[in-house]
Amino acid sequence: MAASRTTPTRRVLDRLSLSERTFVADALRTETVGGVLLLLAAVTALVWVNVPALHDSYESVSHFHFGPAALGLDLSVAHWAADGLLAIFFFVAGIELKRELVAGDLKDPRTAALPVIAALCGMVVPALVYTLTNLTGGGSLAGWAVPTATDIAFALAVLAVIGTSLPNALRAFLLTLAVVDDLFAILIIALFFTDDLNFAALGGALAGLAVFWLLLRKGVRGWYVYVPLALVVWALMYNSGVHATIAGVAMGLMLRCTRREGEEHSPGEHIEHLVRPLSAGLAVPLFALFSAGVAVSGRALAEVFTQPETLGVVLGLVVGKAVGIFGGTWLAARFTRAELSEDLAWPDVFAVSSLAGIGFTVSLLIGELAFEGDQVLTDSVKAAVLTGSLVAAVLATVLLKLRNAKYQALWAAEERDEDLDGIPDIYEQDDPAYHLRMAEIYERKAAEHRRLAEVAGGAGVGDDGPA
């Protein structure tokens with residue numbers, strides 16, 4: 001009788017592979033620095049607007065127009081930040097998504113199911129919370145998409161500030177969630193926030209994208225080719241009525257993110273490495289500077305919790321995100337018969353789900369699009385985004401700090417490198433060469449201990465005590 005084969009248990013949020021760990025560490029390092037700059041930009045905007053002596057100067061700078069009017073690009077500084085600079089952010093998001101689809105966690109459908117389901121539930125539930133709140137309170141349903149987005153840079157900035165040693169698997173889960181989240185946010189913007197279409201400009205933009213793709217396929221290199229072409233495509237997309245950030249993500253998705261023989265990095269990885277600091281360190285903080293400037297007062301904060309539109313945003317971010325992502329993760333694990341990593345517990349997943357309630361950059365953008373033409377309600381919704389993100393950050397901080405001792409132990413195990421070869425020991429347990437190196441290290445330590453013991457023993461024998 002043949003021996004029965006046992007199928008290995010599939011684990012949810014298990015340890016990353018070494019290559020994925022390296023990529024995630026590099027990406028999160030840049031996003032964390034960008035997140036701190038984003039936080040500083042938001043605080044600067046709030047101070048700039050709420051100090052009476054500075055308020056008028058903020059309005060003057062934010063509404064200052066420049067650009068070629070003949071090309072339909074005589075825009076305000078705030079408009080350039082939202083439509084221009086955020087195109088760089090979405091370009092990087094497009095590259096991230098492409099890499100995940102062809103070389104990352106989303107390549108394997110079974111592995112991809114978890115973050116995709118979690119991200120979808122993390123967008124649907126906040127939208128439902130907002131909708132129910134406004135149906136009950138008689139508010140506008142236009143802002144249903146505002147609480148659906150997660151700001152990965154701001155979330156990582158919170159992690160950096162509170163100093164928690166979150167394991168790499170949870171950090172990667174948060175990053176992948178944000179990538180999928182960005183994809184659906186882009187679809188929402190394209191489908192629900194597109195103005196009257198200018199088909200001539202749209203045709204020109206699509207033609208430009210086709211040329212961009214052909215140049216990539218032919219292996220043409222040189223920033224002096226692609227940057228001017230990208231600017232033309234962006235300008236045509238803006239004038240078409242489709243939100244201009246769509247041009248950024250479309251070009252990002254076209255880049256090749258698989259490595260060929262002899263390549264250390266794929267073109268997509270190389271360009272992302274160059275552009276990500278520009279996105280995280282300049283584009284997104286400047287957008288925050290000219291979008292987060294809302295008047296804050298006791299009355300304004302009280303209204304956040306009394307108006308149905310703003311209350312829906314806060315509840316969507318704080319309650320909807322946490323419940324949606326946690327519930328989606330649990331359901332995905334339950335129905336795929338996967339088990340949670342033995343190093344983690346479900347409260348860890350809920351804590352990270354709460355952290356995903358920090359919706360800043362894309363939430364502010366969608367808020368501006370949803371209530372365009374109503375500046376008072378737009379500012380109220382922005383205040384609600386800031387409030388909801390702050391509450392989510394505080395809640396996640398408390399939950400993560402409760403488990404921080406466990407995280408520190410996991411982090412130390414993941415980072416330990418006793419043989420000093422640059423590779424964490426936990427990834428070398430099946431390598432005989434590693435165990436030989438460790439045997440030599442232990443033998444040298446043992447020899448040193450024996451020598452010290454002999455020296456100490458010799459000193460004891462020669463000591464006759466006091467005279």
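User: What makes helix α13 largely enclosed by the rest of the structure?

Analyst: Seven of the 10 residues of α13 (residues 346-355) are buried, so the helix counts as largely enclosed. Buried means under 20% relative accessible area, exposed means over 50%, and partly exposed is in between, using a 1.4 Å probe on protein chains only. Helices here are DSSP runs of H or I with at least four residues, strands are E runs of at least two, and both are numbered from the N terminus. This is a predicted model, where local features need pLDDT of at least 70 and side-chain atom pairs count only at pLDDT 80 or more, while totals for chains, interfaces and linings use all residues. Residues are numbered from 1 along each chain as its sequence is written, and side-chain values use heavy atoms, with hydrogens and water left out.

User: Which residues of α13 are buried, and what do they pack against?

Analyst: They are Asp348, Val349, Ala351, Val352, Ser353, Ser354 and Leu355. Their packing partners are α5, α6 (168-192), α12 (308-335), β4 (339-340), α15 and α16 (404-415), with contact meaning heavy atoms within 4.5 Å.

User: Why is Phe154 with Phe360 called edge-to-face?

Analyst: Rings of Phe, Tyr and Trp (its six-membered ring) pair if their centres lie within 6.5 Å; planes under 30 degrees apart are stacked, over 60 edge-to-face, and the rest tilted. Here the centres are 4.8 Å apart and the planes sit at 70°, so edge-to-face it is. Phe154 is in helix α5 and Phe360 in the loop between α13 and α14, so the pair ties together parts 206 residues apart in sequence.

User: Are Phe154 and Phe360 buried or exposed?

Analyst: Phe154 has a relative accessible area of 9%, so it is buried. Phe360 is at 1%, so that residue counts as buried too.

User: What makes Phe64 and Phe66 a stacked pair?

Analyst: Their ring centres are 6.4 Å apart, with 25° between the planes. Phe66 itself has a relative accessible area of 40%, which means partly exposed. Phe64 and Phe66 also belong to an aromatic cluster with Trp80, Trp234 and Tyr238.

User: How do you know that Thr150 is buried?

Analyst: Its relative accessibility is 8%, so Thr150 counts as buried. Thr150 lies in the loop between α4 (109-137) and α5 (152-162).

User: What makes Thr150 and Lys321 a polar contact?

Analyst: A polar contact is a pair of N or O atoms within 3.5 Å; within protein, one must be able to donate a hydrogen and the other to accept it, and residues adjacent in sequence count only if both atoms are side-chain atoms. The side chains of Thr150 and Lys321 are joined at 3.2 Å. A polar atom of the Thr150 side chain also lies 2.8 Å from the backbone oxygen of Ala356.

User: Which residues lie nearest the centre of the largest pocket?

Analyst: They are Phe91, Phe212, Tyr226, Leu255 and Ile271, among 36 lining residues. On a 1 Å grid over the protein atoms alone, a pocket is an open set of points where a 1.4 Å probe fits, with protein on both sides within 12 Å along at least five of seven lines, and lining residues have an atom within 4 Å of a point.
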